[in-house]
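Here are my notes on this model, point by point. Please read them with the structure open.

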Amino acid sequence: MDYTNEEMLEAIEVLGSAKQHGCRVRDDTIDIAEQAINKQIPKKPLTGTNITTYDNWTLLPLICPCCSRQVGTVEAYTKLRDIKEHFCSKCGQAIDWSEK
C-alpha cells in the first residue's frame, strides 16, 4: 500500500501519542521515522556566501538546507543554476529546484 508523506507523518504522530499513553515504542523510532519522511519532502537549497569566480562567472554555492553540503551553484548576476543533485548525497534530503 502506498501512503503519502502526510499520511506517514500522521501515523508517526499516532505512535508518539501511543507512547505517551504507555505503549512500548523504542525512544528513537519515532525520531528516525519522522526524519526519513521529512527528507523525502523536497526543500529549497540555501544560497551560500562563498563567492567563486570562474571564466568571468561569479558563482555562489547552493547548499543543502539540512546538512550544509553544496548541491549546486548559481551565477550571481544572471541567476543561471548548475543543478548537481536532486537528493543530497550526504544526508539524503530531497532538493526542490523549482523556480517558485
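1. Which pattern does the protein follow, read along the sequence? The pattern is α-α-β-β-β-β-β. That makes two helices and five strands. Both kinds of element are DSSP runs, numbered from the N terminus: helices are H or I with at least four residues, strands are E with at least two.

2. A word on the source. This is a predicted model, where local features need pLDDT of at least 70, side-chain atom pairs count only at pLDDT 80 or more, and totals for chains, interfaces and linings use all residues. Residues are numbered from 1 along each chain as its sequence is written, and side-chain values use heavy atoms, with hydrogens and water left out.

3. Overall shape. The C-alpha trace spans about 65 × 25 × 20 Å along its principal axes.

4. Burial. Of the 100 residues, 28% count as buried. Buried means under 20% relative accessible area, exposed over 50%, and partly exposed in between (1.4 Å probe, protein chains only).

5. Helix H1. This helix covers residues 5–20, 16 residues in total. From first C-alpha to last it reaches 23 Å, close to the 22 Å expected at 1.5 Å a residue. The expected span is 1.5 Å times one less than the number of residues. Gly22 follows H1 and has a positive phi, near 100°.

6. Asn5, Leu9, Ile12 and Gly16 are buried. Down the helix axis, the buried residues of H1 fall within an arc of 55°, so they line one face. The arc is that of the directions from the axis to the C-beta atoms. Their cover includes helix H2 (29–40). Glu10 and Val14 are exposed, on the face turned away from the buried side.

7. Cys66. This residue sits in the loop between strands S3 (57–63) and S4 (70–75). Cys66 counts as partly exposed because its relative accessibility is 42%. Leaving out residues up to four places away in sequence, Cys66 touches Cys91 and Gln93; contact means heavy atoms within 4.5 Å.

8. Thr73. Strand S4 holds this residue. Thr73 is buried, at 13% relative accessible area. Beyond residues up to four places away in sequence, its contacts include Leu60, Leu62, Leu80 and Asp82.
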